[in-house]
Amino acid sequence: MATTLVQQQQRLAAARHRFAEGGRLPAQLLAPALLRSWERSRQAGVRPQHAPQYAPLGQRRLRLDDPSDRLLARCVRQDMDDLWAAFGGRRWTLLCVNREGLIIAQREHGLADEAILRPIQIGRRVREIEIGTTAPSCALAEDAAVLVRGNEHYLDEFSRVYCLSVPLRGVDGEVLGALDITGIGERDSELLRGYFRQAALSIENQLIQQQRNCHLLALQHDARWLGTPLQGVLAVREDGQLHAANSVARRILGLPRSGALPLTSLDSLFADASVHQRRRLLQAGPVHRVQLHADSALQLQYLRGPVRARASTAKPAVIKETGSLRAQGTQVVRQAVAAHAGNLSAAARQLGISRTTLYRKLQQAG
């Protein structure tokens, strides 16, 4: 098997230069997604013998000016840390690019000494018109996980490089970036794909959770998948209309894979559910079963209600579980519950007390 891989890499190296001069590749030598990338690289005037043409970094390279880039960088941070702890090393780097191929987040070893990896820094772009075929550029173009190994890259200089990327999706199902691992050496590609795809789902869920003016619901056929990257997540406006859904929820509910969602109410999505089940959709409580179709049901969990914007920048007073709450009366409790549309957990967090204590106060108030 290793010999076959070496032979294929040798054939790729020889065929690449013929291809750059206008020749054709032997059938089956290169995956279709990579062939399309080679064609785009050739059309852009890139040649295999060229050195990578990275744009110079400005003095303020670590600053991200676009708010959407800053949001994505925040949402990928934890998953990148986890992936780096598992797969990072001196000859590897982990990066996230936006839709235009701009590196907005990166992890690298403090003692990294591979010259080919040094230019990969926040603020640089990794586009085909500058460095030819790479996994991030292919993942963005193909909307699919892509592995580019050795001479599958278009530049000779990347003949030792291994890179794998998965696309990242936004709240409308659009491709808004890619998550990538690049290094010198070999890895278990199927294992990496699995972990990186789960990280991409986790990041997508983080982006959905930024819809602060919406109710958030988690759903899955199997309750064991709730609370994991494999859960479906819905963002529902206060009028009951569906605002956003992650890719898992779109698949489960038969919604369009990408693009703005059709005008759909939560009640119409679950039209086959009982009146009691639909009434519980936007109520806090334990995981419960909801009928989806005549022969299909889901496990659903209410995550949180809309998060109200604060009227001022001053921090709201935190009411401790002491006599101060009693002194201010039950009106404070009722106002907090009303402000969070009946979400007792959110109201309790605002007041600085437990949900159980809040529930007891409401019972005492009658």
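Visitor: How do the residues of the lining of the largest cavity divide into nonpolar, polar and charged?
Guide: Welcome, and please keep in mind that this is a predicted model. A lining of 15 residues surrounds the largest cavity. These residues divide into eleven nonpolar, three polar and one charged.

Visitor: Which residues of that lining lie nearest the centre of the largest cavity?
Guide: A search of the whole structure finds one cavity of 30 Å³ or more, and about 140 Å³ of space lies in the largest cavity. The elements giving two or more residues to its lining are E4 and strand E5 (175-184). Nearest the centre of the cavity lie Tyr54, Ile120, Ile131, Thr134 and Thr182.

Visitor: Which element gives the most to the lining of the largest pocket?
Guide: The largest pocket holds about 530 Å³ of space and is lined by 19 residues. Two or more of these come from each of E4, helix H6 (189-208) and helix H7 (247-253). With five residues, the element that gives the most is H7.

Visitor: How many residues of the lining of the largest pocket are charged?
Guide: Arg169, Leu201, Ser247, Arg251 and Arg257 are the lining residues nearest the centre of the pocket. Over the whole lining, eleven residues are nonpolar, one is polar, and the number of charged ones is seven.

Visitor: Let's turn to the rings. What is the geometry of the pair formed by Trp38 and Tyr154?
Guide: The structure holds five aromatic pairs. A pair of aromatic rings is described by the distance of the centres and the angle of the planes. For Trp38 and Tyr154 the centres are 5.7 Å apart and the planes stand at 65°. An angle over 60 degrees is the cut-off needed here, so the pair is edge-to-face.

Visitor: How many residues apart are Trp38 and Tyr154?
Guide: Trp38 sits in helix H2 (residues 32-43), while Tyr154 is in the loop between strand E3 (146-149) and strand E4 (161-169). Both of these residues are buried. The pair links distant parts of the chain, and the separation is 116 residues.

Visitor: Which residue lies over the face of Phe19?
Guide: Phe19 forms one aromatic cluster with Trp38 and Tyr154. At 3.9 Å from the centre of the Phe19 ring lies Arg42.

Visitor: Are Trp92 and Tyr162 buried or exposed?
Guide: These two rings form an edge-to-face pair, 5.8 Å centre to centre with 75° between the planes. Trp92 lies in strand E1 (residues 92-98) and Tyr162 in strand E4, so the pair ties together parts 70 residues apart in sequence. The cut-off is under 20% relative accessible area. Trp92 has 6% relative accessibility and Tyr162 has 0%, so each counts as buried.

Visitor: Which residue has its charged end over the ring of Trp92?
Guide: Trp92 already has an aromatic partner in Tyr162. Over the Trp92 ring, 4.1 Å from its centre, sits the charged end of Arg187.

Visitor: What is the length of the polar contact that joins the side chains of His215 and Tyr302?
Guide: His215 lies in strand E6 (residues 215-220). At 5% relative accessibility, His215 counts as buried. The side chain of His215 is joined to that of Tyr302 by a polar contact of 2.6 Å.

Technical notes: Residues are numbered from 1 along each chain as its sequence is written. This is a predicted model: local features need pLDDT of at least 70, side-chain atom pairs count only at pLDDT 80 or more; totals for chains, interfaces and linings use all residues. Side-chain values use heavy atoms; hydrogens and water are left out. Rings of Phe, Tyr and Trp (its six-membered ring) pair if their centres lie within 6.5 Å; planes under 30 degrees apart count as stacked, over 60 as edge-to-face and the rest as tilted. Helices (H or I, at least four residues) and strands (E, at least two) are DSSP runs, numbered from the N terminus. Buried means under 20% relative accessible area, exposed over 50%, partly exposed in between (1.4 Å probe, protein chains only). A charge sits over a ring if NZ of Lys or CZ of Arg is within 6 Å of the ring centre and within 35 degrees of the ring normal. On a 1 Å grid over the protein atoms alone, a cavity is a set of points where a 1.4 Å probe fits but cannot get out, and a pocket is an open set with protein on both sides within 12 Å along at least five of seven lines; lining residues have an atom within 4 Å of a point. Grid points are joined across faces, edges and corners, and a volume is the space filled by probe spheres set on the points. Ala, Val, Leu, Ile, Met, Phe, Trp, Tyr, Cys and Pro count as nonpolar, Asp, Glu, Lys and Arg as charged, and the others, Gly among them, as polar. A polar contact is a pair of N or O atoms within 3.5 Å; within protein, one must be able to donate a hydrogen and the other to accept it, and residues adjacent in sequence count only if both atoms are side-chain atoms.
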